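Subject: Structure handover

Hello,

Here is the structure you were going to look at, followed by notes on what was found in it. Please read the notes with the model open.

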Amino acid sequence: MNYILPKIKRNGFNSEEVSAKIQSLIDKLTRDLELKKEEYLYILDNISNNDTEYLFNKAYEAKLPYYQNRVYLRGLVEISNYCKMGCKYCGINYKIKTIPRYRLLKDEIIKCCDTGYTLGYRTFVLQGGEDSFYSDEYLEELLKALKSKYNDIRITLSLGERSYESYKKLYDAGADRYLLRHETASRRLYEHLHASFMSFDNRRECLSNLKEIGYQVGAGFMVGSPTQNNKDLVEDLLYLKELSPHMVGIGPYLCHSDTELKGNLSGTLTETLIMVALVRLVLPKTLLPATTALGTLDKLGRENALKVGANVMMPNISPTESRELYEIYQDKICTGDTSIVCRGCIETRIKAFGHSIDLSVGDFIDIERNEKND
Ligand code: SAM
């Protein structure tokens with residue numbers, strides 16, 4: 001059973017009074033960059049088609065002063081599908097027996113980045129399951145090797161929950177950014193979606209540790225996960241305002257038939273776009289990816305996200321052979337492609353939707369430059 005946005009009327013129209021109230025709340029959010037809990041809830045409970053268009057236009061306009069129509073590209077390397085965690089929605093969690101496991105070694109990861117560098121990318125995102133093989137020492141060597149080979153790049157890690165000391169060592173070795181979606185800001189929903197040995201509080205502590213250390217931090221959440229309701233989504237908006245991350249990854253939950261949550265509905269395009277747009281209004285300067293999950297859900301999902309405020313895309317530069325093994329959800333796009341094909345495809349898509357690619361490192365707009373980033 002899936003309770004996401006139960007009152008959305010996809011083909012319906014609200015009364016003029018309700019629409020007027022929603023649009024005035026959207027105006028207030030655009031101006032004040034925040035709303036009260038009950039005001040967010042009013043929007044989510046009552047929004048209909050004509051209001052979504054209003055919201056989407058406002059969100060698109062909100063990114064223009066900071067990012068215009070530029071889209072930053074980050075080369076994504078999926079370094080391992082081994083994972084010790086128990087996210088019940090994820091197709092690479094430790095319980096899944098149906099996929100062969102792989103991990104890339106240092107030289108293979110560097111080779112992917114070499115290809116990415118040749119294609120013009122200047123940010124590399126190293127993402128993987130929580131794989132204990134990657135000790136601090138191993139990652140420190142990798143980071144130092146990459147940073148000494150290329151002095152004009154940024155490295156983003158997305159390797160899950162680690163200790164403060166570990167994050168600090170990796171930062172000192174050259175990591176610039178860290179993506180760790182909070183997944184949901186609702187404790188009830190977090191506990192429903194994760195194994196009992198996982199901790200809602202620890203995930204949040206990791207995010208505040210990353211911020212304190214000096215990383216550009218990415219949080220984020222899934223839309224449409226089983227039992228998620230509008231109140232849970234309001235919690236996400238409130239939490240993001242409080243954390244104020246430099247990046248926010250938002251994608252639809254995509255049901256994987258080998259997971260414990262099999263048989264549930266996936267999130268939808270409209271619902272996900274509504275949340276992308278609201279986050280753009282709450283955090284106008286944040287970096288907001290048009291996620292691969294949106295592109296998997298709908299062939300124009302990522303392009304639609306650009307139209308509602310997203311400004312980042314992450315073309316895959318993993319070896320073609322390993323791509324289909326990184327099956328966090330099924331039917332993931334681009335698994336049969338090479339990095340060169342992905343580069344061309346993404347550029348064409350971005351341009352077709354009136355945007356242009358930006359191959360600079362694409363730091364968060366207000367980041368204080370320190371020695372490390374110069
Ligand atoms: N292990 C790292 C972590 O925990 O942050 C990074 C890898 S994890 C697979 C990356 C993201 O994939 C998660 O944060 C989650 O939101 C997303 N994800 C996993 N399974 C998904 C699914 N079935 N549908 C949509 N997104 C999913």
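S244 sits in the loop between α9 (230-243) and β7 (247-252); helices (H or I, at least four residues) and strands (E, at least two) are DSSP runs, numbered from the N terminus. This is a predicted model, in which local features need pLDDT of at least 70, side-chain atom pairs count only at pLDDT 80 or more, and totals for chains, interfaces and linings use all residues. Residues are numbered from 1 along each chain as its sequence is written.

Backbone and loops

Most residues other than glycine have a negative phi. S244 is not a glycine, yet its phi is positive, about 50 degrees. S244 counts as partly exposed because it has 14 C-beta neighbours inside 10 Å. The cut-offs are these: a residue is buried if 20 or more other C-beta atoms lie within 10 Å of its own, exposed if 12 or fewer, and partly exposed in between, with C-beta atoms placed from the backbone.

D331 also has a positive phi, of about 60 degrees, and is not a glycine either. D331 is in the loop between α13 (320-323) and α14 (339-352). With 10 C-beta neighbours inside 10 Å, D331 counts as exposed.

Two other loop residues come with contacts. D258 lies in the loop between β7 and α10 and is partly exposed, with 14 other C-beta atoms within 10 Å. Leaving aside residues up to four places away in sequence, D258 touches G91, I96 and T98; a contact here means that the C-beta atoms of two residues, placed from the backbone, lie within 7 Å. The C-alpha atoms of D258 and K84 are separated by 17 Å, and the two residues are 174 apart along the chain.

L33 is in the loop between α1 (16-32) and α2 (37-46). L33 counts as partly exposed, with 14 C-beta neighbours inside 10 Å. Its contacts, not counting residues up to four places away in sequence, are V282 and P284. From L33 to I109 the C-alpha separation is 40 Å, for 76 residues along the chain.

Helices

α4 has 13 residues and reaches 18 Å from its first C-alpha to its last, close to the 18 Å expected at 1.5 Å a residue; the expected span is 1.5 Å times one less than the number of residues. The buried residues of α4 are I109, C112, C113 and G116. Seen down the axis of α4, these fall within an arc of 95 degrees, so they line one face of the helix; the arc is that of the directions from the helix axis to the C-beta atoms. The face of α4 turned away from its buried side carries the exposed residues D107 and T118. The buried residues of α4 pack against β2 (75-80), β3 (123-128), α5 and α14. G120, which follows α4, has a positive phi near 105 degrees.

In α5 (residues 136-149), the buried residues are L139, L142, L143 and L146. They cover an arc of only 95 degrees around the axis, which puts them on the same side of α5. E137 and S148 are exposed residues on the face of α5 turned away from its buried side. The cover over the buried residues of α5 includes α4 (106-118), β4 (154-158) and α6 (164-172).

α10 (residues 269-282) is largely enclosed by the rest of the structure, because twelve of its 14 residues are buried. Among them are E271, R280 and V282. α10 reaches 20 Å from its first C-alpha to its last, close to the 20 Å expected.

Ligand

The ligand is surrounded by 19 residues, and the closest are C90, G160, R181, L254 and Y329; a residue counts if its C-beta atom, placed from the backbone, lies within 6 Å of the ligand. By class, the shell has ten nonpolar, six polar and three charged residues. Ala, Val, Leu, Ile, Met, Phe, Trp, Tyr, Cys and Pro count as nonpolar, Asp, Glu, Lys and Arg as charged, and the others, Gly among them, as polar.

Overall

The protein has 14 helices and nine strands. Of its 374 residues, 46% count as buried. The C-alpha trace spans about 60 × 45 × 40 Å along its principal axes. Among contacts between residues at least 6 apart in sequence, 80% join residues at least 24 apart.

Regards
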